[in-house]
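Reader: I am new to this structure and would be grateful for a guided reading of it. Might we begin once it is shown?

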Amino acid sequence: MSVMRGRGIASANYPTGMNLGGDPTQALVFCQPTGTFSVKLASTDLGQGLKTVIGQIAAEALGVPLESVVVDTGDTDSAPHDMGTFASRATHRAGNAVIMAATEAKKVLLEVAAEEMEAAPEDLEVRDGQVSVKGTPQRTMSVFDIALAAHFKQGRTISGRGIYLKPKSAIDPETGACDPDSTEAHVTTVADVEVDTETGEVTVLRLASAYEVGRQVNPQMVQGQITGGAVMGMAHTLMESVFPYYPALDHHPGNFGEYVIPTAVDLPELHHVVLEYPSSNGPYGVKGVGEMTANSPIPAIVNAIHDAVGVFVTELPVTPEKVLRALRAKEQL
Amino acid sequence: MKQLGIVGQSVKRSDGIGHVTGQTEYVDDVFYPGMLWLKMVRSPVSRGRIRRVDTSRAERLPGVTAVVTAKDVPNNWYTILCLIGIEPNDEPVLADEEVMYEGEPICAVVAETEDIAREAASLVKLEIDEQEPVLDVEYALTADAPAIKKWGNNTFMYDGMNHRRLRFGDVDRGFEEADHIVEGTYQMTPIEHVPMETHVCVVKPEPNGRLTIHSNTQALYFTMDNTAIILKVPSNRLRLVGGTVGGGFGGKVDVITEPVTSIAAMKTGRPVKWRWTREEEFRRSSVRGACKMEYRDGVMKDGRIVARKVRSIHDAGAYHRHSPYGVQKNMANLPGPYSIPNVWVDCYCVYTNRQPSSAMRGFAVTEATFAVEVQMDKIASVIGMDPWEIRMVNAYRNGHMRPVRKVVEDATLLETLKAAAQLVGHELPARVRDMHSDDYAGVAEPVQP
């Protein structure tokens, strides 16, 4: 018996958003009487933290504290249209729509403030929930008081509408020419593995990745995507299949005893760095990081197995059985 | 890059405490007095003609309030792609004449408790004339295979063609110039999304005649509009409530629970819940489709790839779902993030009598990345080049033209390669060490349209 070590790499690009049939998302923003801003979206949060990053983007665009932004998702009676949360599109599309809506709302906020403060709107700025005259920071008024004035004195609605649309791009049937994305994020992953040549078992020791995802709105949640995706990719490579003997229907799993996914004991060492090269069309330069993190670990692990034992196992999942068969075929050459 | 205020900060997530303490409300937490439960009766065979569906014993079971069959579905087409012009419709909401995969929904039973619904489902008697299933995509593409689609073959038709294609440059000339030809075949088998929360839907008929649909769909409006088309009601009759989902990964964009649950609620006039078991999630929900990709690359001694020809076959399973779209995404990404002057890609969306596949995280791009990146190492091993170097020599740069004829404007592949090398302490070959995405030194000039 021998345990062989190997290292493999893989690089990848990943498209943000889709284009099929056009890809829009809308947002509405309105100010409540005491300065709380409500963001209305029909985008769903799948656990990735969309509500939080949308709150951050709205707070940034409005110039108010995060605590005074309430993000409401998930009711078609009260929120305008959204295509859905998929295609690594939600932060890009909804973020852009929210910036547009917040910008419109902020314009009214400054107009109301200008009247109250007897200043020109263009001379005002909002920061941390305070409107002040540029260059004269002692002349300030809180968003709280401006909102009250708008509601009960001036009769104005501090609100805004936003939409981001990626227009439809039809595919040329002869050449395939099309515009398939809004921007592209990138990654390189390095996998270190051990292969037991007697049992065929593969152990992933380490996954180290360098990501480039445009601007990060919330680095810790980007890290969450990278960590979760690395493990999902590893499981895709080594463990998971609903048809292990595809195309045969045998051994179709129906529970977690038959379809094994990784648990904490299976986790490799995980490292990553994130580079930020802002995109031209994302909100504050965002690119989508949602889907891509499960991708590069797959070929990186397959390549590391090749580096360790000299065989490319090119059918997923790379089970011990397939590794042993590949090693046997190599010996017989 | 300009420093911002709250954007760029790792603020604590607004819903984190709720998630980790079990206080977040998911669809399965929705409960109404008088709520009924739904269970689905499914095909036991992979392909067959339905002769008879006998629900009489199920209906006589005490506690059963309704049975929903194909006749109860106002527009018995599963319409998800018709809204974006992809036709023809091919999947019934509930099967009436034929079944195309094991597990296909045939009829639903609705009862006072989940246990009664489960028992009633087992009492429905199905008479199905079984037919030989088509399970293998290569067989499905042959003339010998029975056509399982009404349009007479087993592939999705794109603009009258049985595949999507990329044509860029002249691959034959590229192969002639090449010093080496490197081939590889890459196969993904289907996997499941495995969200923590299975599919759940609760529909409540409101006194004003509307339906409130609690759903864990990833796409509320998409689900509302498709449900309205299937129910043949204006969408103003429906209100979709959701927005908090216990894991999606592409598995919850199929509008698969809302129409039938809504019909059951309309038929009984009472709230109805349908929640899937883990077994249904594994065996009946859409999966990531199998995909076979065959690569043939022409490569120069210095590592430059001068021609790439790919044939890709995507196993859609029994019905479209989102597969015709995924295949297009596959097509756009099969060349990889590399500057290759001559590219030829043919992508087939093939139907088989299998559990339908649909969207999953990285939809058809994960597949392409797996194939491209193992192929890159194969090339490196054939020509005896460092795996880092082969990627850096071929990496696309800003200004390059991709085979879909879009100019690259945000390339950073080289930057991630250099950062990854630094992260693991790998010394890059001198030839490529200083390459960057705005520089063409040592590589092909930007390819112009």
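**Domains and helices of chain B**

Author: In this predicted model, domain 1 and domain 2 of chain B bury about 1800 Å² between them, and carbon and sulfur atoms give 57% of that area.

Reader: How many Å separate the centres of the two domains of chain B?

Author: The assignment divides chain B into domain 1 and domain 2. Taken over C-alpha atoms, the centres of domain 1 and domain 2 of chain B are separated by 36 Å.

Reader: Are helix 9 and helix 10 of chain B roughly parallel or roughly antiparallel?

Author: Helix 9 (residues 323-333) and helix 10 (residues 365-383) of chain B pack with their axes 8 Å apart, at an angle of about 30 degrees. Angles under 35 degrees count as roughly parallel. Helix 9 of chain B is therefore, relative to helix 10 of chain B, roughly parallel.

Reader: Which residues of helix 10 of chain B does helix 9 of chain B meet?

Author: The crossing of helix 9 and helix 10 of chain B is right-handed. By class, their contact has three nonpolar, two polar and two charged residues. From helix 9 of chain B come B:K329, B:N330 and B:N333, and in helix 10 of chain B they meet B:V365, B:E367, B:A368 and B:V372.

Conventions. Residues numbered from 1 in each chain as written. Chains lettered and ligands numbered in written order. Predicted model: local features only at pLDDT ≥ 70, side-chain atom pairs only at ≥ 80, totals over all residues. Heavy atoms only, no water. Axes fitted to C-alpha atoms, helices over the stretch in contact; angles between N-to-C directions. Helix = DSSP H or I, 4+ residues; strand = E, 2+ residues; numbered from the N terminus. Parallel < 35°, antiparallel > 145°, perpendicular 65-115°, else oblique. Left-handed = near helix turned anticlockwise from the far one by under 90°. Contact = heavy atoms within 4.5 Å. Nonpolar A, V, L, I, M, F, W, Y, C, P; charged D, E, K, R; others polar. Domains from an automatic or database assignment. Buried area = accessible area lost by both parts, 1.4 Å probe.
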